[in-house]
Each structure stands twice: as C-alpha cells, then as structure tokens.
Amino acid sequence: METSKKQPAELGANTSAAGSTPNSPAGDLVNYTFPTARLRQCMSDASRTPLLLVACGSFSPITYLHLRMFEMAADYAKYNSEFEVVGGYLSPVSDAYRKAGLANAEHRVAMTRIATEQSSKWLDVDPWEAIQRKYQPTAVVLDHFEHEINEVQRGIATRDGERKAVRIVLLAGADLIQTMSTPGVWSQEDLDHILGKYGVFIVERTGTDIDDALATLTPWRHNIWVIQQLIQNDVSSTKIRLFLKREMSVRYLVPAPVINYIEEHGLYEDDGASSSIHEKGKDVQAKEATGTSTSR
C-alpha cells in the first residue's frame with residue numbers, strides 16, 4: 001500500500017464523467033444540488049407504483065454487497081410486487097456520526113461515486129446527508145428524498161403526460177430489522193415514520209433471524225418486504241477494514257477502483273476498528289455513542 005496520501009476529493013454536486021471527482025466545498029449546503037442525472041424521467045408502465053430505493057449507511061468502504069442489494073431489490077420489485085423502480089440512491093452518513101473506522105465524508109462520498117459511476121447505469125450518490133454538520137436520523141433523510149423527488153421534481157411522468165408520486169422506500173440489511181425489533185433502540189415515533197410512511201426492503205443476512213424480528217413489528221408488516229439472497233454474500237465494511245488493517249487482500253470483495261482509491265489515500269491502515277465482525281445499524285451506533293435515542 002502506498003505511503004503517500006492524496007487529499008480527499010471534496011463534496012458537491014455529482015459530476016457527469018465516470019471517475020471524475022466532486023468539485024464543491026465539503027459541508028457547503030449552499031452549493032448542494034440534488035443529483036438527478038440517473039433518475040428515470042418517465043415510467044414504462046403507468047399501472048405500477050414508481051419506487052425509489054434509498055440505502056443509508058457508513059459505506060466505509062462501499063462493498064460489492066452494497067451494490068448487489070440494489071440489484072436484488074430491483075429484481076424483487078419487478079417479479080414480486082406492483083412497483084417499478086425509477087431510481088436508487090446511496091446516502092453516506094455525515095462525519096457527525098462518530099463510529100470507529102469511519103473515513104472522512106469526502107472519502108466515503110468519493111468512493112461511493114467511483115463505485116456507482118463505473119459499475120452501474122442507474123445508481124447514484126446523494127451527498128446531502130454526508131455534508132450535514134449534525135447527525136441526521138434515518139427518518140429525516142427519507143423526508144429529504146420525499147421533498148426532492150415528490151415536491152421539487154413533482155414525482156415522475158407517465159407516457160400519457162400525467163405525473164405520479166414516487167414511493168420512497170428504505171433499503172437495508174436484515175440487521176436493521178433486528179435493531180428495530182429491539183426494545184429501546186428506536187423510538188415509536190421513528191418506527192412509525194420510517195415503516196409506516198415509507199417502508200423498507202430488507203435483504204436477508206446470514207446469522208439474522210428475520211422471523212423473530214418481524215414478530216414484534218406486526219403493525220408495519222405490510223410495509224416490510226423481505227428479499228432472500230439466492231447467492232449468499234456476507235461481506236461487510238467492518239470485515240473489509242479488518243482485512244485492510246491486517247494487509248490482507250480485499251480484491252473481488254470491493255470494486256477495483258475503490259481499492260485503488262483506498263491505497264492512493266492511505267485509508268484504513270490503522271483506523272482503530274474493532275476486531276469484531278458484527279456490524280451494527282448506524283442508528284444503533286449513534287445511540288451507543290451519544291447515550292440517547294435517535295428520534296427527531
């Protein structure tokens with residue numbers, strides 16, 4: 001791994017060229033613009049409900065499983081629901097989320113952009129959450145997408161010229177549902193806001209008992225869609241950081257351009273990450289760090 005470290009790319013509006021770097025000051029909300037370059041502008045089937053998938057997380061670093069989750073969700077929506085996917089966004093958490101092994105937001109946004117720009121035609125990265133100076137609960141982040149998509153963009157057009165409101169849904173791993181079913185971790189208000197108003201697509205994960213978790217979330221079960229992993233993938237950012245700290249290869253677990261970025265900037269060489277390979281949901285981590293609930 002190279003010892004010289006480059007300066008991190010700065011946050012800002014998404015650029016059109018693959019592999020290009022963001023170009024506006026980190027934390028500058030004045031220059032923020034919601035990225036729409038990869039957002040579908042017109043539905044293929046107006047009889048379906050337009051769906052936007054949003055994944056919130058650290059992405060420190062982004063892995064192939066993060067990207068694969070969107071593809072699994074898109075397949076599920078296509079073959080097992082009345083939804084039509086019109087877009088997908090990754091929303092990296094801000095630096096205010098104090099978690100061991102968390103690289104600076106500039107780096108994490110840059111890595112997620114590199115990964116999506118070079119491997120996907122429909123996924124995008126929204127830096128809004130990352131440039132916030134205070135930690136933003138998941139419910140607030142989903143409200144942000146609701147505002148940008150359905151108020152600013154006025155939803156999505158149909159082929160007959162009408163516009164339809166887009167359904168915003170959270171995309172997450174099964175460990176999130178496990179934390180939601182644990183008493184005292186999430187406030188009732190946040191659960192009702194996230195699961196009642198928006199809903200969640202959950203991708204199964206090895207070692208997580210989804211049935212037990214769902215048993216305590218009965219009021220919102222109609223808004224929880226469980227996606228089976230037909231090909232098991234248990235990679236996590238925590239494991240990747242541990243491998244990098246031990247100077248072990250992460251090739252084919254993380255996109256090659258992201259590995260190059262990590263090496264160029266000397267990331268995760270000694271980040272103090274725990275040796276535990278269990279990665280908790282970001283709202284649980286925030287609760288543990290502050291000793292308070294993550295409700296708004």
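Predicted model: local features only at pLDDT ≥ 70, side-chain atom pairs only at ≥ 80, totals over all residues.
Student: How many helices and strands does the protein have?

Tutor: The protein has nine helices and eight strands.

Student: What share of the residues is buried?

Tutor: Buried means under 20% relative accessible area, exposed over 50%, and partly exposed in between (1.4 Å probe, protein chains only). Of the 296 residues in the protein, 56% are buried.

Student: What share of the contacts joins residues 24 or more positions apart?

Tutor: A contact means heavy atoms within 4.5 Å. Among contacts with a separation of 6 or more, residues 24 or more positions apart account for 78%.

Student: Now helix α7. Which of its residues are buried?

Tutor: They are S237, T238, K239, I240, R241, L242 and L244. That is seven of the nine residues in α7 (residues 237-245), so the helix is largely enclosed by the rest of the structure.

Student: What covers the buried residues of α7?

Tutor: The cover includes α1 (64-80) and α8 (256-265).

Student: What follows α7?

Tutor: E247 does, and its phi is positive, near 60°.

Student: Where is V254 found?

Tutor: V254 sits in the loop between α7 and α8. V254 counts as buried because its relative accessibility is 1%.

Student: Which residues does V254 touch?

Tutor: Leaving out residues up to four places away in sequence, V254 touches I62, T63, Y64, I240 and I259. Take I62: it is 192 residues from V254 along the chain, yet their C-alpha atoms are separated by 6.9 Å.

Student: And D75, in which helix does it lie?

Tutor: D75 is in helix α1. D75 is partly exposed, at 40% relative accessibility. Its C-alpha atom is separated by 9.3 Å from that of V85, ten residues apart along the chain.

Student: How many salt bridges does the structure hold?

Tutor: A salt bridge is a side-chain nitrogen of Lys or Arg within 4 Å of a carboxyl oxygen of Asp or Glu. The structure holds six. One of them pairs D95 with R108, with the closest N and O atoms 3.2 Å apart. This pair links distant parts of the chain, 13 residues apart: D95 is in the loop between β2 (83-92) and α2 (105-119), and R108 is in helix α2.

Student: Buried or exposed: what is R108?

Tutor: R108 is buried, with a relative accessible area of 0%.

Student: Which residue forms a salt bridge with R205?

Tutor: D175 does, with the closest N and O atoms 3.4 Å apart. Again the pair links distant parts of the chain, 30 residues apart: D175 lies in helix α4 (residues 174-180), and R205 lies in the loop between β7 (200-203) and α6 (210-215). D175 is buried, with a relative accessible area of 13%. R205 counts as buried too, at 19%. Salt bridges that share partners join D175, R205, D234 and K239 into one network.

Student: Which residue pairs with D143 in a salt bridge?

Tutor: K197 does, with the closest N and O atoms 3.9 Å apart. D143 is in helix α3 (residues 138-152) and K197 in helix α5 (residues 188-198), 54 residues apart. K197 is partly exposed, with a relative accessible area of 44%.

Student: How do I read the packing of two helices?

Tutor: Two packed helices are described by the angle between their axes and the distance between the axes. Axes are lines fitted to C-alpha atoms, for helices over the stretch in contact, and angles run from 0 to 180 degrees between N-to-C directions. The axes of α3 and α5 come within 9 Å and cross at roughly 35°. On the α3 side the contact is made by T138, A139, L142, D143 and E146, and on the α5 side by D190, H193, I194, K197 and Y198.

Student: How many disulfides does a search of the whole structure find?

Tutor: A disulfide is a pair of cysteine sulfur atoms within 2.5 Å. The search finds zero. As for cysteines, C42 is partly exposed at 33% relative accessibility, and C56 is buried at 18%.

Note on methods:
Residues numbered from 1 in each chain as written. Heavy atoms only, no water. Helix = DSSP H or I, 4+ residues; strand = E, 2+ residues; numbered from the N terminus.
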